[in-house]
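This report describes selected features of one protein model, from its surface to its sheets and charged pairs. The sequence and coordinates follow.

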Amino acid sequence: MRAVVAVLLFVTAAHAALWGLLQEKQSAPDFRGILPSVSYAPFEGTAHPDVDNIPSIEKIRADLKKLSTITRAIRMYSSTGGVELVPPIAAEFGLKVTVGAWIDKNSDRNDREIDSAINLAKRNSNVIGVVVGNETIFRGEQKVEDLIELIKRVKKSVNVPVTTGEIWNIWRDYPQLANSVDFIAAHVLPYWENFTDKQAVDQAVAMFQLLRDQFPGKRIMIAEFGWPSQGYNLRNAEPGPFEQASVLRNFVTRADAIGMDYNIVEAIDQPWKFFEGGVGPYWGILNADREPKFSWTGPIVNEDYWKLATIAVLVGLFMSLPILRIESPTAKQAFVLSAAANGVGAWTATVFSYWASHYFVFGSAFALTLGLILLAPLVLIAMARIDEIAAVAFGHKPRRLITKSVAMAPANVGEAVAFPKVSIHIPAYYEPVEMLKATLDAVSRLDYPNFECVCIINNTPDPEFWQPIQDHCRALGERFKFINAE
C-alpha cells in the first residue's frame with residue numbers, strides 16, 4: 001500500500017509539474033501610459049439595448065471611475081436609451097467624451113439621436129467631438145449624400161469637431177465624405193480583414209499612412225482598432241487572450257511612436273453582441289465583470305492559469321482516491337488509474353476555463369449544461385473500463401484455485417474436498433437444438449469432479465427449441481439443471 005500511495009503522489013506531482021512546464025508566456029512591449037480613448041457602452045448582460053438593457057447611473061459611475069485610470073477619453077455610439085447619462089458622469093472623473101449619434105434607416109430615431117447628441121455637446125464642456133453614424137455607409141443604411149446632410153446639420157449646431165465613423169476603405173472610396181467632416185474617423189479592424197495577429201499592427205499603420213497620403217492636412221484618427229479575445233477563427237485571423245494582449249500592446253507602442261491618434265475598441269466586453277458572431281462579445285480590454293483581461297506590462301500570461309492548474313490537480317487527486325480501496329493493486333496498475341484520473345482533472349479544468357471565459361445566452365448555456373450532465377456518466381464509464389484494462393494488463397495474475405500440488409479427491413459429501421464448486425451457465429435464445437445438445441455433451445465430458453451446469457433458455461416460447469433441451473439435461477444427470485425463463 002505504501003508503494004501505491006507513493007505512485008499516487010508521484011502522478012499528482014508530475015501532473016502539477018506538467019502544468020508548470022506548459023504555461024504559455026509571450027513577450028510584448030510594455031505600456032505604462034494612459035490610453036487616449038476607448039469605446040464605451042454602458043450595457044451589461046445579454047439583453048439588447050433596443051429591447052431591455054437600460055443602464056443605471058450607479059453602474060455608469062462605477063464603470064467610468066474604473067476607466068478613468070485607464071484612458072483619458074471615451075467614445076460613445078448612441079445618445080439615447082440611457083447613454084445620454086454618460087457625459088456628465090464622465091466629467092466627474094475628468095474624462096473627455098466623443099458623443100455618438102446612431103444612424104440607421106429609421107428617420108424618427110435618427111432625429112432623436114441627432115437632437116440628443118447636439119444637446120449633449122452643448123451642455124457638457126467635456127464633449128470633444130460628435131460622431132454622426134457608425135459604419136452607416138458600410139451597412140448600406142444611408143446614402144453618402146444623405147449622411148453628409150446629417151453631418152452638416154450637426155456641424156451647424158455645435159462648436160466641437162464633427163465626423164462619422166467608417167471603415168478605412170469607405171473614406172478612401174468616398175473622398176466627398178472626407179471633405180464634409182472635421183476629421184476622418186477610420187475603423188481598422190484587421191481581424192475582419194483576415195489578417196493574422198502578427199500582421200494586425202502593420203495593417204493599421206499602413207491604412208493610417210494611406211489616408212494621410214490621400215488627405216494631406218486632414219486630421220486622421222484610427223477611431224476603432226482592436227482584437228477579440230475569444231470566438232472563432234476567421235481563416236487566418238485567430239482570436240484569443242494572448243493574441244489580444246499582444247496585438248494591443250504592440251499597437252499602442254507603435255501608434256505612440258508615430259504620433260497616431262487612435263481609439264481602442266472597446267473598453268468592456270459586451271455579451272449582448274452575440275449577433276455579431278462568435279467574437280462579438282469579446283473585444284473589451286475589461287471583461288464583463290469589469291476586470292482586466294491582461295496586463296499592459298511584463299510577460300503576457302493567463303492570469304487564471306494557476307487557478308485552473310489547482311482545479312485540475314485537486315480533481316485528479318480526488319478521482320485517484322478510490323484506488324486505495326482496490327485489494328492489493330500493483331504499482332503499474334495504480335499508475336495507469338491515477339494518470340487517467342488526472343486526465344479527468346485536466347479535462348474538468350478545461351471545461352471550467354471555457355465556462356468562465358465565455359458568455360452564454362440561455363440556449364447555449366442550456367446546451368452546454370445538458371452536454372456536461374450527459375457526459376459525466378460517460379466519463380465514469382470510461383474510468384471503469386480503464387480500471388478493468390489496468391487490472392488485466394498490470395494487476396496481479398489470477399490466483400489459481402487448483403494447483404498440481406493438490407491431491408486429487410472426490411467431491412462427495414462427507415469426504416475431504418479439495419475442489420471448489422464451479423457453476424457453468426449456458427444462456428440460450430432460439431439456439432439450434434443440436435448445437436446446444438453438443439455443447440451440453442461437451443460439458444458433460446469435463447473431468448473436473450465438482451461442477452454443475454445450468455442451461456437457461458431465455459425468451460424462447462417455442463417448445464421445439466426448449467423441450468428437447470430440457471429432456472437432454474434430465475438425461476445427462478443431476479449436475480445439469482434446466483431453466484426456462486419465459
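## Terms and basis of the model

A residue is called buried under 20% relative accessible area, exposed over 50%, and partly exposed in between, with a 1.4 Å probe and protein chains only. By this scale Leu 324 is partly exposed, because its relative accessible area is 34%.

The model is predicted: local features need pLDDT of at least 70, side-chain atom pairs count only at pLDDT 80 or more, and totals for chains, interfaces and linings use all residues. Residues are numbered from 1 along each chain as its sequence is written, and side-chain values use heavy atoms, with hydrogens and water left out.

## A nonpolar surface patch

Leu 324 belongs to a nonpolar surface patch together with Met 1, Val 5, Leu 9, Leu 317, Phe 318 and Leu 321; the accessible area of these residues together is about 640 Å². Helix H1 (2-22) and helix H11 (305-320) are the elements that each give two or more residues to this patch. Leu 324 itself is found in the loop between H11 and helix H12 (331-357).

Patch members have over 30% relative accessible area and no salt bridge; nonpolar side chains (Val, Leu, Ile, Met, Phe, Trp, Tyr) are joined within 5 Å, and like charges within 9 Å. The areas come from the Shrake-Rupley method with a 1.4 Å probe, and for residues only the protein chains shown count as cover. Helices (H or I, at least four residues) and strands (E, at least two) are DSSP runs, numbered from the N terminus.

## Strands E7 and E8

Two strands are taken to pair if DSSP finds at least two bridges between them. Strand E7 (residues 220-225) runs parallel to strand E8 (residues 261-264), and three bridges join them. Within this pair, Ile 222 is placed opposite Tyr 262 in E8. From E7 the chain passes through helix H10 (residues 241-258) to E8 in a right-handed β-α-β crossover. Right-handed here means that, with the strands pointing away from the viewer, the path from the first strand over the helix to the second runs clockwise.

Pro 228, in the loop between E7 and H10, is buried because its relative accessible area is 0%. Pro 228 and Ile 268 are 40 residues apart in sequence, and their C-alpha atoms are 12 Å apart. Ile 285 lies in the loop between E8 and H11 and is likewise buried, at 4% relative accessibility. The C-alpha atoms of Ile 285 and Ala 267 are 5.4 Å apart, although 18 residues separate the two along the chain.

## The sheet E9-E10-E11

An open sheet of three strands, paired in parallel, has the order E9-E10-E11. Strand E9 (422-428) and strand E11 (480-485) are its edge strands, each pairing on one side only. Neighbouring strands are turned by 20° against each other on average, direction ignored. Axes are lines fitted to C-alpha atoms, for helices over the stretch in contact, and angles run from 0 to 180 degrees between N-to-C directions.

Six bridges join strand E10 (residues 451-458) to E11.

## Salt bridges

How many salt bridges does a search of the whole structure find? The search gives 22, a salt bridge being a side-chain nitrogen of Lys or Arg within 4 Å of a carboxyl oxygen of Asp or Glu. In one of them, the closest N and O atoms of Arg 290 and Asp 63 are 2.9 Å apart. Arg 290 lies in the loop between E8 and H11 and Asp 63 in helix H3 (residues 57-67), so this pair ties together parts 227 residues apart in sequence. Arg 290 is buried at 5% relative accessible area, and Asp 63 is buried at 2%.

Lys 273 and Glu 266 form a salt bridge with a closest N and O separation of 3.4 Å, and both residues are buried. In the salt bridge of Asp 197 with Lys 198, the closest N and O atoms are 3.0 Å apart; Asp 197 is buried, at 16% relative accessibility, whereas Lys 198 is exposed, at 65%.
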